[in-house]
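The report that follows describes a single protein model, moving from its overall build to individual positions. Please keep the sequence and the coordinates at hand while reading.

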Amino acid sequence: MENIKCHISDGHFLVKQGLKHLLSNYDHIEFINDSSNVKQLQERLNENAPDVLIVDHKTIGIKDISELERVIKNHSTMYVLDISDVYTEFEIKSILNIGVQAMLLKECDEEEIVQAIEASVKKERFFCGTV
């Protein structure tokens, strides 16, 4: 399997560090950058585009889902995995409509996170068992 380059965007330091540590256990998954807010995200994606964006849109200052939609449209080849603590039915529909391919809850386990990232290579949608 080819290396999958990942960018982690989350407003919580501990979450970013935990995901980085988890991904370091997999030779085929490469952490390339992170960001803590939407401005950093946009700048860093322009510097070094990942294969997969792992994002919690709720913690990086996105107030309107159209902001995330603009990021996705500007990087159309990037697979987007949204990981959050809770989703409403309306949020799920809205997020999927703007081009997010995978959704996980932060309570999902390591196996599901890795499966979601690996789904990017196959261009498949992925949802953890609790979404």
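What percentage of the 131 residues of the protein count as buried? The share is 46%, where buried means under 20% relative accessible area, exposed means over 50%, and partly exposed covers what lies in between (1.4 Å probe, protein chains only).

## Basis of the values

This is a predicted model, in which local features need pLDDT of at least 70 and side-chain atom pairs count only at pLDDT 80 or more, while totals for chains, interfaces and linings use all residues. Residues are numbered from 1 along each chain as its sequence is written, and side-chain values use heavy atoms, with hydrogens and water left out.

## Overall build

The protein has five helices and six strands, where helices (H or I, at least four residues) and strands (E, at least two) are DSSP runs numbered from the N terminus. Read from the N terminus, these elements follow the order β-α-β-α-β-α-β-α-β-α-β. The radius of gyration is 13 Å, close to the 14 Å of the globule rule for 131 residues, so the protein is as compact as a globular protein of that length; the radius is taken over C-alpha atoms, and the rule is 2.2 Å times the number of residues to the power 0.38. Along the principal axes, the C-alpha atoms fill a box of roughly 35 × 35 × 30 Å.

Among contacts (heavy atoms within 4.5 Å) between residues at least 6 apart in sequence, 65% join residues at least 24 apart. The accessible surface is about 6,900 Å², with 48% of it belonging to carbon and sulfur atoms; these areas come from the Shrake-Rupley method with a 1.4 Å probe, and for residues only the protein chains shown count as cover. There are 14 positive and 23 negative side chains, and the centres of the two sets lie 7 Å apart. In this count Lys and Arg are positive and Asp and Glu negative, with His and the chain ends not counted, and each charge is placed at NZ of Lys, CZ of Arg, CG of Asp or CD of Glu.

## The nonpolar core

A nonpolar core is a set of buried Ala, Val, Leu, Ile, Met, Phe, Trp, Tyr and Cys residues joined through side-chain atoms within 4.5 Å. The largest one here has 41 residues, and those with the most contacts inside it are Ile54, Leu81, Leu104 and Ile117. Helix α5 (residues 110–122) gives the most to this core, with five residues. If residues up to four places away in sequence are not counted, Leu81 touches Val52, Leu53, Ile54, Val55, Ala102, Met103, Leu104, Ala116 and Ile117.

## Buried positions

Asp10 is found in the loop between β1 (4–9) and α1 (13–23) and, at 3% relative accessibility, counts as buried. Its C-alpha atom lies 5.3 Å from that of Asp56, although the two are 46 residues apart in sequence. Leaving aside neighbours within four places in sequence, the contacts of Asp10 include Lys16, Asp56 and Lys106. Asn33, in strand β2 (residues 29–35), is also buried, at 17% relative accessibility, and with the same exclusion of neighbours within four places it is in contact with Cys6, His7, Ile8, Arg44 and Glu47.

Leu68 belongs to helix α3 and counts as buried at 0% relative accessibility. Beyond four places in sequence, Leu68 is in contact with His57, Ile62, Asp82, Ile98 and Val100. In helix α4 (residues 89–97), Ser94, Ile95 and Leu96 are buried, and what covers the buried residues of α4 includes α3 (65–74), β5 (102–105) and β6 (126–127).

## Loops and partly exposed positions

Gly99 follows α4 and has a positive phi, near 115 degrees; this residue lies in the loop between α4 and β5 and, at 24% relative accessibility, counts as partly exposed. Lys123 has a positive phi of about 60 degrees although it is not a glycine. By way of context, most residues other than glycine have a negative phi. Lys123 is placed in the loop between α5 and β6 and, at 65% relative accessibility, counts as exposed.

Glu118, in helix α5, counts as partly exposed at 22% relative accessibility. Glu118 and His28 are 90 residues apart in sequence, and their C-alpha atoms are 9.2 Å apart in space.
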